[in-house]
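Subject: Structure handover and notes

Hi,

Here is the structure I promised to pass on.

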Amino acid sequence: MNHFTIQYDQELGIEVPHLHVPFDQLDQREKEELYAKMEEISGKIPERIRQLEHEYKEMYDRVSQENSDQTFFDGMERLNQISRLISELNILYLQMQGKYLTSYQGG
């Protein structure tokens, strides 16, 4: 039985590890395999955040110029979703790396 799986999370846009037993129950080979996969995944998180920040900026520009109430509120809902995804990715990075993602200015 696999004690962990790696599944693509459509909403986050990256793979995410899922433990099926407590970490302490993984054998050494499984821990090494999990660590390697977490390194790979965490290396993709900064770029995914940059993509979401770019989408956020574009959506914000559209929403700020919108005259239709419904379109404005739909846009604001999407901005909230993007913010939540960025937060979740930052938390995932912290969980996998044990440290915060270094701040940067996305361009």
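First, the naming: helices (H or I, at least four residues) and strands (E, at least two) are DSSP runs, numbered from the N terminus. Keep in mind that this is a predicted model, so local features need pLDDT of at least 70 and side-chain atom pairs count only at pLDDT 80 or more, while totals for chains, interfaces and linings use all residues. Residues are numbered from 1 along each chain as its sequence is written, and side-chain values use heavy atoms, with hydrogens and water left out.

**Charged pairs**

I'll begin with salt bridges, meaning a side-chain nitrogen of Lys or Arg within 4 Å of a carboxyl oxygen of Asp or Glu. Searching the whole structure turns up eight of them.

Lys 44 and Glu 40 both sit in helix α1, four residues apart, or about one turn of the helix. They form a salt bridge whose closest N and O atoms are 3.7 Å apart. Glu 40 also has a salt bridge with Lys 37, with the closest N and O atoms at 3.1 Å. That pair is three residues apart in α1, again separated by about one helical turn. The spacing makes sense because an α-helix has 3.6 residues a turn, so residues three or four places apart point the same way.

On accessibility, I call a residue buried under 20% relative accessible area, exposed over 50%, and partly exposed in between (1.4 Å probe, protein chains only). Glu 40 is partly exposed at 39%, and Lys 44 is partly exposed at 45%.

The other pair to look at is Arg 78 with Glu 55, whose side chains meet in a salt bridge at 2.7 Å, N to O. Arg 78 belongs to helix α2 and Glu 55 to helix α1, so this pair ties together parts that are 23 residues apart in sequence. Arg 78 counts as partly exposed, with 24% relative accessibility, and Glu 55 is partly exposed too, with 27%. Salt bridges that share partners also join Glu 15, Lys 37, Glu 40 and Lys 44 into one network.

**Helix α2**

Helix α2 covers residues 69-97. Just after α2, Gly 98 takes a positive phi of about 75°.

The buried residues of α2 are Gly 75, Leu 79, Ile 82, Leu 85, Ile 86, Leu 89, Leu 92, Tyr 93 and Met 96. They pack against β2 (14-19) and α1 (28-64).

Asn 80 is found in α2 and counts as exposed, with 52% relative accessibility. Its C-alpha atom is 12 Å from that of Glu 53, 27 residues away along the chain. Glu 88 and Ile 49 are 39 residues apart in sequence and 10.0 Å apart in space, C-alpha to C-alpha.

**The core**By nonpolar core I mean a set of buried Ala, Val, Leu, Ile, Met, Phe, Trp, Tyr and Cys residues joined through side-chain atoms within 4.5 Å. The largest one has 20 residues, and those with the most contacts inside it are Ile 14, Ile 45 and Leu 89. β2, α1 and α2 each supply at least two of its residues, and α2 gives the most, with seven.

Which residues does Ile 45 contact, leaving aside its neighbours within four places in sequence? With contact taken as heavy atoms within 4.5 Å, the partners are Ile 14, Leu 89, Leu 92, Tyr 93, Met 96 and Leu 101.

**A surface patch and a loop**

Phe 72, Phe 73 and Met 76 make a nonpolar surface patch of about 270 Å². Patches are made of residues with over 30% relative accessible area and no salt bridge, with like charges joined within 9 Å and nonpolar side chains (Val, Leu, Ile, Met, Phe, Trp, Tyr) within 5 Å. The areas come from the Shrake-Rupley method with a 1.4 Å probe, and for residues only the protein chains shown count as cover. Met 76 lies in α2 and is partly exposed at 31%.

Finally, Gln 25 is in the loop between β2 and α1. Its C-alpha atom is 8.3 Å from that of His 3, 22 residues away along the chain. Leaving aside neighbours within four places in sequence, Gln 25 is in contact with His 3 and Glu 30.

Cheers

Notes:
Expected span 1.5 Å × (residues − 1).
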